[in-house]
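Biologist: I'd like to learn how to read strands, cores and cavities in a model. Could you walk me through one?

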Amino acid sequence: MTFEAPATAAEVAASVTEAANSRTPLSINGLASKARLGAPWNAARRLDLSALSGVTLYEPEELVLSALAATPIETIEALLAANGQELAFEPMSFGALYGTGPGSLGGCLMANLSGPRRIKAGAARDHVLGVKGVNGRGEAFKAGGTVVKNVTGYDLSRGLAGSFGTLAVLTELTFKVLPRAETAATLVLPGLSPKQAIEALCAAMGAPVDVSGAAHLPPFAARALGFPGSATLLRLEGFAPSVNERFERLAALLKPFAGAERLDAAASATLWRGIRDVAPLAEQPEKIIWKISVAPTAGPPLAATIAKVYQSEALFDWSGGLVWLAFEPDCGPDAGAELIRGAIAVHGGGHATLVRAPDDIRAAARVFHPQPPALKALSQRLKAEFDPFGILEPGRMQAEV
């Protein structure tokens, strides 16, 4: 494999142009923290963007930040924290799951990442304002800008979110940032079953208390994060008097489920970072891991259906709508894909992504959820428009594109 490390956007365009002219497939890496996410394949050339790092614009008073694509998320978060601000979508890190380093800003958008606060703030695509990049022809382009209302027609910046480098190589990104909460507290309900927990979480989400995190940890996950048994968790953020008042209201609302316990701001920050990065599952490196998105109330019955066939462990986030499943490595050549996707259909629909598995299993199984015909046709048209020669990460997401 040939490695290229362009240091400027112009050099990126030159590398892609050369690959397009020779019809040579490219693998694209920023900091390679998510290189194991997607179907494995051997590219003839790898485009290493790690030199494209650094903040190019930061205006705290305007709540806007621009940075080159391979800028580490940790660097950006530290800069924002020093100014009392944050990336509100709380991007998760795959470093623990994959044993890699920090992720990059470009990788964050390409994977459309978000953490527990997604239930309140949305995902990365909801916060991107503009991008600069290079399409599969080697043509440089710019989309969006540095203000929220800058788009008429198709929002290309958001459209590239979740494309995993199959449509374009991003070189610079602009995001809106938001003020950090003054403080936070976590309400803990101990000892609930998954079904009881999701009922409690959904009740909390329907109450006017502005929950910013809603998760359930079964005993195995709870113990990994410092609890003696299962723990159902609700995060409240804001000014201290508001957090205290909302906590009391929420504790009263959920009293029929269990007596509420409280974690302070420091303990909350550590806990939700562990939930964000799926730390309990990262401690079991041999396990195969799936990420499943369904309706919140479908989470527990879906996990129970799968557990009847394969020994598995589940962790619930997003009020039950995000299910992280860990399987033993002997769960079949497709890593349980047929069972999982069949169960999703039975329980109201959703999608599942194979997040961690050996290369041979990822090569045999569909890593990303199969697309319905209309969406598949749209994906193919977008691929043909952005990357007509099929050189950008071909087959990483879907074999047809």
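Modeller: Buried means under 20% relative accessible area with a 1.4 Å probe, protein chains only. Strands (E, at least two residues) and helices (H or I, at least four) are DSSP runs numbered from the N terminus. This is a predicted model, where local features need pLDDT of at least 70 and side-chain atom pairs count only at pLDDT 80 or more, while totals for chains, interfaces and linings use all residues. Residues are numbered from 1 along each chain as its sequence is written, and side-chain values use heavy atoms, without hydrogens and water.

Biologist: In what sense do strand 2 and strand 3 pair?

Modeller: Two strands pair if DSSP finds at least two bridges between them. Here, strand 2 and strand 3 (residues 45–48) are parallel, with four bridges, and S27 sits opposite R46. Strand 4 (residues 55–59) and strand 5 (residues 64–68) run antiparallel, also joined by four bridges. E59 has V64 as its bridge partner. Four residues lie between the strands of this hairpin, and L63 takes a positive phi near 60°.

Biologist: Which residues have the most contacts inside the largest nonpolar core?

Modeller: A nonpolar core is a set of buried Ala, Val, Leu, Ile, Met, Phe, Trp, Tyr and Cys residues joined through side-chain atoms within 4.5 Å. The largest has 105 residues, and L97, L160, W290, I292 and W324 have the most contacts inside it. Strand 17 (residues 322–327) gives the most to this core, six residues. Another core lies apart from it, with 14 residues, including V16 and I391.

Biologist: And how many cavities of 30 Å³ or more are there?

Modeller: Rolling a probe the size of a water molecule over the atoms shows where empty space is left. On a 1 Å grid over the protein atoms alone, a cavity is a set of points where a 1.4 Å probe fits but cannot get out, and lining residues have an atom within 4 Å of a point. Points are joined across faces, edges and corners, and the volume is the space filled by probe spheres set on them. The count is two cavities of 30 Å³ or more. The largest has a volume of about 310 Å³; of its 23 lining residues, I28, N29, G30, G107 and M110 are the closest to its centre.

Notes: Buried means under 20% relative accessible area, exposed over 50%, partly exposed in between (1.4 Å probe, protein chains only). On a 1 Å grid over the protein atoms alone, a cavity is a set of points where a 1.4 Å probe fits but cannot get out, and a pocket is an open set with protein on both sides within 12 Å along at least five of seven lines; lining residues have an atom within 4 Å of a point.
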